[in-house]
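Let's take a walk through this model together. Have the sequence and the 3D view side by side as you read.

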Amino acid sequence: LRYATNGLEPHMIHRYSRHLVLPSFGVQGQANLLKSSILVVGAGGLGASALLYFAAAGVGKLGVLDHDKVELNNMHRQIIHTEAYIGQPKVKSAAAACRSINSSIEVVEHEEALKNSNALEIFSKYDIIVDATDNAPTRYLISDCCVVLGKPLVSGAAVGLEGQLTIYNHKGGPCFRCLFPTPPPRAACQSCADGGVLGVVPGIIGCLQALEAIKIAASVGEPLSGRMLLFDALAARIRIVKIRGRSLQCEACGENAIMNKQYFREFDYEKFTQTPLCEAPLKLNL
Amino acid sequence: LRYATNGLEPHMIHRYSRHLVLPSFGVQGQANLLKSSILVVGAGGLGASALLYFAAAGVGKLGVLDHDKVELNNMHRQIIHTEAYIGQPKVKSAAAACRSINSSIEVVEHEEALKNSNALEIFSKYDIIVDATDNAPTRYLISDCCVVLGKPLVSGAAVGLEGQLTIYNHKGGPCFRCLFPTPPPRAACQSCADGGVLGVVPGIIGCLQALEAIKIAASVGEPLSGRMLLFDALAARIRIVKIRGRSLQCEACGENAIMNKQYFREFDYEKFTQTPLCEAPLKLNL
Amino acid sequence: MQLTIEFGGGLELLCDSKKIHHVNVEFEQQNEEDKLTMRELLSWVQTNLIKERPEMFIKGDTVRPGVLVLVNDCDWELSGQLNTSLEEKDVVVFISTLHGG
Amino acid sequence: MQLTIEFGGGLELLCDSKKIHHVNVEFEQQNEEDKLTMRELLSWVQTNLIKERPEMFIKGDTVRPGVLVLVNDCDWELSGQLNTSLEEKDVVVFISTLHGG
Ligand SMILES: [Zn+2]
Ligand SMILES: [Zn+2]
């Protein structure tokens, strides 16, 4: 077999050979991926598997953003962190794991909480944003920031034994606010901390987020935009449903949208959703 | 919150707290999992993610069987192996990774090729077998061995941008031979080595294998038995289809089946499938 | 009219943790062309299936914010929302969006 | 008769790498109750869709070993295999089983 190598170095040809021989991915797909940059917001249950597969696949620049530290009760699902990193920043642990499986990519550590004041600057350095966070205000903040900057957003969520996945703000598709213009009541927003989660469920959704972001970065296939995947792990049922397109009335991306950099920086996401951006973890009393 | 702890030690209650609070999993599901034993045959693309989630979730005894060494061209999909282990046995590398994320479970290394002569003895030590291998003769061998020993088999496969998943030989469901009594022609059996594979595709299937095996081990939910999941990564389409039940004519599990320990030990899987159990890897000429 | 009604994303907790309901919805047909719409179905569901915390399902005359409604695997925004008319054997899904990870 | 015919697991390579085919299959109806069966469809597919290596699709009078056939997401073993009769708008999937990992 002989291929056009498209500027790939010999060690890359060897490492990614199983991608290069794929007719529907090939040298061009790999070259696109190596030139791409992806930011994963959240190095928890969703981010763990997504980050490892991004690093392995050869995303050129891989950003990790988180402000938490690794805890023992993360270990049942956050397979990117080893016990040796308990008590240390998740970003540091996750970046080390990514580098240990692929030393030839750039891994960037953003050890900070995501806020209105830093989101635009950080997001603007990446092509694709992956939402691997765990609360409603952060999800609105991330979506709005992606709309303002025109970045595609691969959004995953998992609680209990269910997961959900879609792509927002991609090629004229809807943003998070198009689907959810009004935030849900706070009682409807269970997190993995208070509701629990079967560890492998965010693992599956995180892998699917990695797949969708890799497809966008490599320019291959049909992205999961305008569609949503609904996963029921207990029943082993998966639905992929058709969702609405961009809403003309959307405050973020509609015809008369008020969202811009200035408005974004001043928007109060905690007040809007009646939920703090960073929740104090529930303490179990056993 | 206060729970019956069912013999779980305090460090386990802390580690698995997000499982314990799940009404549909809970303390009983976790206790079942901690008492279970699972063997993963193959520490490659499928085994990589499956093993990590088994270890994280707290499978009591986790076996890894493989005879290969870690190579650079595995790294794009086999996220369990770090660059530091290139050239070393996959079993050693995978076991070290599992222990680094959960030192409280037992990890057993089987560094050998699976053969008629060792399969019965090894499989008999485990409750559930996970087929994460890459060729047709081994898949027949594993299924037959599970039928002879009465073990459920969680079977996954991935090539190119597609994946497949089902459970064989579980609670009266079909075995691999019920579906495929006659082996396919050798030209129809592409491996990841010659056909290529997008790294995250076996990652997704491996996670789904982990989920299904965890459900069986914990006795929760509806297993994917009598059903098969068909995954098309490029199109982002997933079908879960109904497949035939156990075949009365099946040579392995049917009414007049000839398969038993003796017959199994002497069956020539290479001749039956016209394929060697261990293929020499394709050399790329770039 | 035979319908399948499913709940997910935690909404099943409002109906005894049962996710899938095969139901027979009777409604008063004023004339031949009169069809059951999602507007009527919502109130039928609230009366017949929701066992607790109805405020987690309905707000005003529609579902509460954060609930996606799917008719035959398609967002009801695409079929007319409350005015979507239903046919025999349709599958209606109510699913609460998840935020955890 | 309008049918959707899909190929997967590598079988699409036999038909110009096209996975989904929306087709109109005409067949000679001897009488009113005469229905198109999978037996006739197999030979129609072989003639009209398979462009190369037909031996990778058919062996004898049925599909080659290792190919699963699904009619409306259900294994054709459950509906009578070659004798399965088809209805308007049915979806027939031919998928080769994978062994890689
Ligand atoms: Zn919008
Ligand atoms: Zn059988």
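**Chains, a zinc site and an asparagine**

Three pairs of chains touch, and the pair with the most contacts is A and B (contact means heavy atoms within 4.5 Å). Chains A and D share no contact, with their closest C-alpha atoms 10 Å apart. Chains C and D don't touch either, and their nearest C-alpha atoms are 16 Å apart.

A quick note on the ground rules: this is a predicted model, where local features need pLDDT of at least 70 and side-chain atom pairs count only at pLDDT 80 or more, while totals for chains, interfaces and linings use all residues. Residues are numbered from 1 along each chain as its sequence is written, chains are lettered from A and ligands numbered from 1 in the order in which they are written, and side-chain values use heavy atoms, leaving out hydrogens and water.

Now find the zinc ion (ligand 2). Its protein donors are the SG atoms of Cys175(B), Cys178(B), Cys250(B) and Cys253(B), lying 2.3 Å from it (donors are N, O and S atoms within 2.8 Å of the metal, or 3.2 Å for Na, K and Ca). In sequence, these donor residues follow the spacing C-x2-C-x71-C-x2-C. Cys178(B) sits in helix α8 (residues 176-179) of chain B and Cys253(B) in the loop between β8 (237-242) and α11 (261-266) of chain B, so the pair ties together parts 75 residues apart in sequence (helices, H or I, are DSSP runs of at least four residues, and strands, E, of at least two).

Back to chains A and B: leaving aside neighbours within four places in sequence, Asn73(B) is in contact with His14(A), Arg15(A), Ser17(A) and Arg18(A).
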